[in-house]
Amino acid sequence: KNKGLQVLKANSGFSSGGSTLLGYIGIDTIIEQMRKKTMKTGFDFNIMVVGPSGLGKSTLVNTLFKSQVSRKSAGWARDEKIPKTVEIKSVSHVIEEGGVKMKLTIVDTPGFGDQINNDNCWEPISKYINEQFEKFLKEEVNITRKKRIPDTRVHCCLYFIPPTGHCLRQLDVEFMRRLSHSVNIIPVIAKSDTMTIEERQEFKQRVRKELENNGIEFYPQKEFDDDMEDKSDNDKIRETMPFAVVGSDKEHQVNGKRVLGRKTAWGIIEVENPNHCEFAQLRDFLIRSHLQDLKEVTHNIHYETYRAKRLNDNGGLHPISSNDTQEKNP
């Protein structure tokens, strides 16, 4: 403990000598204080889903959060036509578990990749991501700021790759290349039960190679690993990606237990069984181990990059007018 205190002093620029504690101070209670505050205020988490229609995006999101949270679940009509251009639609829910409240926003992108000509269909998505940064920035540079700025910034983008078994489409490469520097992209292979285990492994390797060859960094980005422990943990995740997933919000009976799964003529594909697909790994990674980091990388890296450029273009740290926003928004 004393050694830790000495290191802290050295790193913090403290000059006073003597680091021996004569008794218990209570510094460690800060964690409990932070926990209580978070329990009271709750937190925001904004997730975007991108990919052509028919890949089970809504189902997967419902499966991740074990509730009907997708846009389709919130009054979407079955006969809704595929839009002629990419649209951005979002729906928010407050989810509570163990006394912790999370305001979850699902941002859907109907029309993406569904046209004969998909040129520049990533542009409305890029524009939306930047608009959320702009909203946050405008609140931040106001003279009288809100105590808690509403956070609509996209913390994570789940990018759904069709399970072709061949290679990435030009559209996939273009989208991820264009947006990987402004949002945390997590690529997933949708409906992976359409491939054999061998086909799945080969396809995953091929996708990783293509992403590497095109200089596309998906989340967790190597350059943002904090230390060797982080690097070791994240390397294991990077080697598994893209996650080959199956989604289902329907329960079935398997060996006397109710499980989420897809019923086929030859049996039930259990969504949370790691022998059947990698949904459980995606869920643990996205929610149980890296949710806070996704928020921090969004704020400290992606938003900071946008903010620095925006304020530099604007000529300094003065309040931004709505006219400036329209003229200078990248």
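This is a predicted model: local features need pLDDT of at least 70, side-chain atom pairs count only at pLDDT 80 or more; totals for chains, interfaces and linings use all residues.

Student: What makes Arg-307 and Glu-304 a salt bridge?
Tutor: The closest N and O atoms of the pair are 3.0 Å apart. The cut-off is 4 Å between a side-chain nitrogen of Lys or Arg and a carboxyl oxygen of Asp or Glu, so a pair at this distance counts.

Student: Why is Glu-304 called partly exposed?
Tutor: Its relative accessibility is 32%. Buried means under 20% and exposed means over 50%, so a value in between is called partly exposed.

Student: How do you know whether Arg-310 and Glu-134 are buried or exposed?
Tutor: Arg-310 has 2% relative accessibility, and Glu-134 has a relative accessible area of 2%. The limit for buried is under 20%, so Arg-310 and Glu-134 are each called buried.

Student: Where is Asp-151, and what does Asp-151 touch?
Tutor: Asp-151 is placed in the loop between α4 (123-140) and β4 (156-161). Leaving aside residues up to four places away in sequence, Asp-151 touches Asp-44, Asn-46, Phe-136 and Lys-295.

Student: What makes Asp-151 and Arg-153 a salt bridge, and are they buried or exposed?
Tutor: Their closest N and O atoms are 2.8 Å apart, so the pair falls within 4 Å and qualifies. Asp-151 has a relative accessible area of 11% and Arg-153 has 4% relative accessibility, so under the 20% limit each counts as buried.

Student: What is the order of the strands in the open sheet of six?
Tutor: The order is β2-β3-β1-β4-β5-β6, and the pairing is mixed. The edge strands are β2 (89-97) and β6 (243-244), as each pairs on one side only.

Student: How do you know that β1 pairs with β3 and with β4?
Tutor: Two bridges are enough for strands to pair. Seven bridges join β1 (residues 43-50) to β3 (residues 100-108), and these two run parallel. Four bridges join β1 to β4, also running parallel. To find them on screen, look at Phe-43 opposite Met-102 in β3, Phe-45 opposite Leu-104 in β3, and Val-49 with its bridge partner Leu-158 in β4.

Student: Why is β1 described as largely enclosed?
Tutor: Seven of its eight residues are buried, so β1 is largely enclosed by the rest of the structure.

Student: Why is α3 called roughly perpendicular to α8?
Tutor: The axes of α3 (residues 57-64) and α8 (residues 279-289) come within 11 Å and cross at roughly 65°. Angles of 65 to 115 degrees count as roughly perpendicular, so that name applies to α3 and α8. The crossing is right-handed. Leu-60, Thr-63 and Leu-64 of α3 make the contact with Phe-279, Leu-282, Arg-283, Leu-286 and Ile-287 of α8.

Student: How do you know that β7 and β8 pair, and in which sense?
Tutor: Four bridges join β7 to strand β8 (residues 257-264) in the antiparallel sense. At least two are needed, so β7 and β8 qualify as paired. Glu-251 stands opposite Leu-260 in β8. Two residues lie between the strands of this hairpin, and Asn-255 takes a positive phi near 50°.

Student: Which residues form the covered and the uncovered face of β7?
Tutor: In β7 (residues 251-254), His-252 and Val-254 form the covered face, while Glu-251 and Gln-253 form the uncovered one.

Terms used. Residues are numbered from 1 along each chain as its sequence is written. Side-chain values use heavy atoms; hydrogens and water are left out. Contact means heavy atoms within 4.5 Å. Buried means under 20% relative accessible area, exposed over 50%, partly exposed in between (1.4 Å probe, protein chains only). Axes are lines fitted to C-alpha atoms, for helices over the stretch in contact, and angles run from 0 to 180 degrees between N-to-C directions. Angles under 35 degrees count as roughly parallel, over 145 as roughly antiparallel, 65 to 115 as roughly perpendicular and the rest as oblique. A crossing is left-handed if the near helix is turned anticlockwise from the far one by less than a right angle, and right-handed if clockwise.
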